[in-house]
Amino acid sequence: MSGGSMRYLYSRLEHDASFVADTPERKAFAKHLKLVAKALHDIEWVDSGDYGPGDENAAIRACLSEAATLEAAVEAAHEARKAL
């Protein structure tokens, strides 16, 4: 089965997120949404078993700031410590 675990959210985003990109901010946001759609595609296909674990990571990283992954890992470590 190709994708489907998230009901093809990536496809809906690609289709429904069309807007006039007539300012630098809108153009940058449209570009970002395309990156998000690619990441959603890859996540969905990993979760559906069509891609291997970790095949989504590069597309996810393309959507994030350089520090976002580290910040999420630190936050998870703090939460784990609280649970002890």
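## Helix packing and local geometry in a predicted model

Residues beyond four places in sequence that touch L33 are L13, A17 and F19. L33 itself belongs to helix α2. In this predicted model, L33 has a relative accessible area of 16% and is therefore buried, the cut-off being under 20%. The C-alpha atoms of L33 and P53 are 23 Å apart, with a sequence separation of 20 residues.

**The nonpolar core**

L33 is also one of the six residues of the largest nonpolar core, which consists of Y10, L13, L33, A37, L40 and W45. Two elements, α1 (9-16) and α2 (24-47), each give two or more residues to this core. Of these residues, four come from α2, and this is the largest share. As a general matter, nonpolar side chains in soluble globular proteins tend to be buried together. A37, a further member of the core, is in contact with Y10, L13 and E14 when its neighbours within four places in sequence are left aside.

**Packing of α1 against α2**

The axes of α1 and α2 lie 8 Å apart, and the two helices pack at an angle of about 160 degrees. Because angles over 145 degrees count as roughly antiparallel, α1 is assigned that orientation relative to α2. The crossing of the two helices, α1 and α2, is left-handed. On the side of α1, the contact is made by L9, Y10, L13 and E14, while α2 contributes L33, V36, A37, L40, H41, E44 and W45. By residue class, the contact of α1 with α2 divides into eight nonpolar residues, one polar residue and two charged residues.

**Arginines in the two helices**

Which residues does R12 touch, not counting those up to four places away in sequence? They are M6, R7 and A17. R12 lies in helix α1 and, at 35% relative accessibility, counts as partly exposed. Between R12 and A37 the C-alpha to C-alpha distance is 8.7 Å, for a sequence separation of 25 residues.

In helix α2 is found R26, which is partly exposed with a relative accessible area of 40%. R26 touches F19, V20 and A21, residues up to four places away in sequence not being counted. R26 and A59 are 33 residues apart in sequence, and their C-alpha atoms are separated by 21 Å.

The C-alpha separations given above are collected here.

| Residue pair | Separation in sequence | C-alpha to C-alpha distance |
|---|---|---|
| R12 and A37 | 25 residues | 8.7 Å |
| L33 and P53 | 20 residues | 23 Å |
| R26 and A59 | 33 residues | 21 Å |

**Backbone before α1**

Most residues other than glycine have a negative phi. Against that background, R7 has a positive phi, near 55 degrees, and is not a glycine. R7 is found in the segment before α1. With a relative accessibility of 63%, R7 counts as exposed, because the cut-off for that class is over 50%.

Y8 is likewise not a glycine, and its phi is positive at about 55 degrees. Y8 lies in the segment before α1. Is Y8 buried or partly exposed? At 35% relative accessibility, Y8 counts as partly exposed.

Conventions
Residues numbered from 1 in each chain as written. Predicted model: local features only at pLDDT ≥ 70, side-chain atom pairs only at ≥ 80, totals over all residues. Heavy atoms only, no water. Core = buried A, V, L, I, M, F, W, Y, C linked by side-chain atoms within 4.5 Å. Buried < 20%, exposed > 50% of the residue type's maximum accessible area, 1.4 Å probe, protein only. Contact = heavy atoms within 4.5 Å. Axes fitted to C-alpha atoms, helices over the stretch in contact; angles between N-to-C directions. Parallel < 35°, antiparallel > 145°, perpendicular 65-115°, else oblique. Left-handed = near helix turned anticlockwise from the far one by under 90°. Nonpolar A, V, L, I, M, F, W, Y, C, P; charged D, E, K, R; others polar.
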